[in-house]
Amino acid sequence: MVAIVTAEDIAMRYGTMSILKGVSFALEAGESLSLIGSNGAGKSTLIRCLLRLEPITAGRISLFGRERQNLKPSELRSTRCRVGVVFQRHNLVPRLSVLSNVVHGALGRNTQSFGSIISGITLWSHITAGSAHRDRAMECLERVNLADLAHRRADTLSGGQSQRVAIARALMQDPDLIIADEPAASLDPIAGEEVMGLFSELCREAGVSLIFSTHNISHAVDFADRTMAIKLGRISFDGRTGSVNLQALKAEYA
């Protein structure tokens with residue numbers, strides 16, 4: 001199998017404070033990985049470093065076989081287009097329709113293909129987007145079971161519905177990898193379980209690799225092929241979920 005994410009001995013510091021300390025791991029194509037750890041352990045920082053939203057102090061990060069630190073701006077944009085991102089806060093545009101928010105997922109790929117500011121502007125709304133983009137956005141909404149809400153304003157949705165829209169928007173991007181930072185943290189237990197089950201299933205169906213952080217150990221084990229724990233900035237556990245001892249994982253929070 002080919003590793004699409006590789007982290008080699010990465011470290012990250014804020015001033016004199018070490019957040020990540022010698023983190024190394026690889027993610028294979030089609031694999032799903034859950035990240036667990038207590039608050040402040042370094043989960044979100046690792047995700048931000050993978051996305052190059054935070055600089056690393058030492059080590060190397062490669063995505064799709066290319067070392068991120070050495071990419072030119074145009075190459076970095078091209079690489080980011082292959083990565084869908086889902087955050088705890090859904091980051092939808094409240095006054096726009098659900099369909100328009102999903103269409104936004106095509107913005108990165110579209111500007112890379114045509115290099116046109118005008119083409120990007122047309123994707124701001126489903127009304128001005130081309131029929132191919134609208135049809136694709138509707139397909140993504142159907143996959144998250146929200147096609148009937150396509151023309152509703154985003155600010156009228158429940159938390160679970162909003163996160164489903166965010167997932168549809170990520171799928172609209174046609175990513176090779178999705179990275180999610182605590183995607184179910186703001187949802188109630190039932191909605192969180194439904195969203196994570198759907199999220200995991202859609203990624204498997206599409207052959208999309210997945211990295212997600214969570215505080216819910218059951219989610220970590222049930223919806224990923226592999227679980228990795230981070231404790232005090234270091235990887236303290238890394239194993240296949242089929243052989244994971246839940247009590248041992250709980251100890252990672254001690």
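An open sheet of 4 strands is found in this predicted model, with the order S2-S1-S4-S5 and antiparallel pairing; strands, like helices, are DSSP runs numbered from the N terminus (E, at least two residues, for strands; H or I, at least four residues, for helices). Strand S2 (17-28) and strand S5 (66-67) stand at the edges with a single partner strand each, so one side of each has no neighbour in the sheet. Two strands are taken to pair if DSSP finds at least two bridges between them. Strand S4 (residues 58-63) and S5 are joined in the antiparallel sense over 2 bridges, and Arg-66 in S5 is the bridge partner of Leu-63. Residues are numbered from 1 along each chain as its sequence is written, and side-chain values use heavy atoms, with hydrogens and water left out. Because the model is predicted, local features need pLDDT of at least 70 and side-chain atom pairs count only at pLDDT 80 or more, whereas totals for chains, interfaces and linings use all residues.

Helix H1 lies across strand S1 (3-14), S2 and S4, running at about 65° to S2 (axes are lines fitted to C-alpha atoms, for helices over the stretch in contact, and angles run from 0 to 180 degrees between N-to-C directions). Of the 8 residues of H1 (residues 43-50), 6 are buried, so this helix is largely enclosed by the rest of the structure; buried means under 20% relative accessible area, exposed over 50% and partly exposed in between, with a 1.4 Å probe and protein chains only. The buried residues are Lys-43, Thr-45, Leu-46, Ile-47, Cys-49 and Leu-50. Just after H1, Arg-52 adopts a positive phi of about 60°.

Turning to another helix, His-219 is found in H9 (residues 217-222). His-219 counts as buried, with 5% relative accessibility. Apart from neighbours within four places in sequence, His-219 is in contact (heavy atoms within 4.5 Å) with Ala-184, Gly-192, Glu-193, Met-196, Phe-212, Thr-214 and Ala-224.
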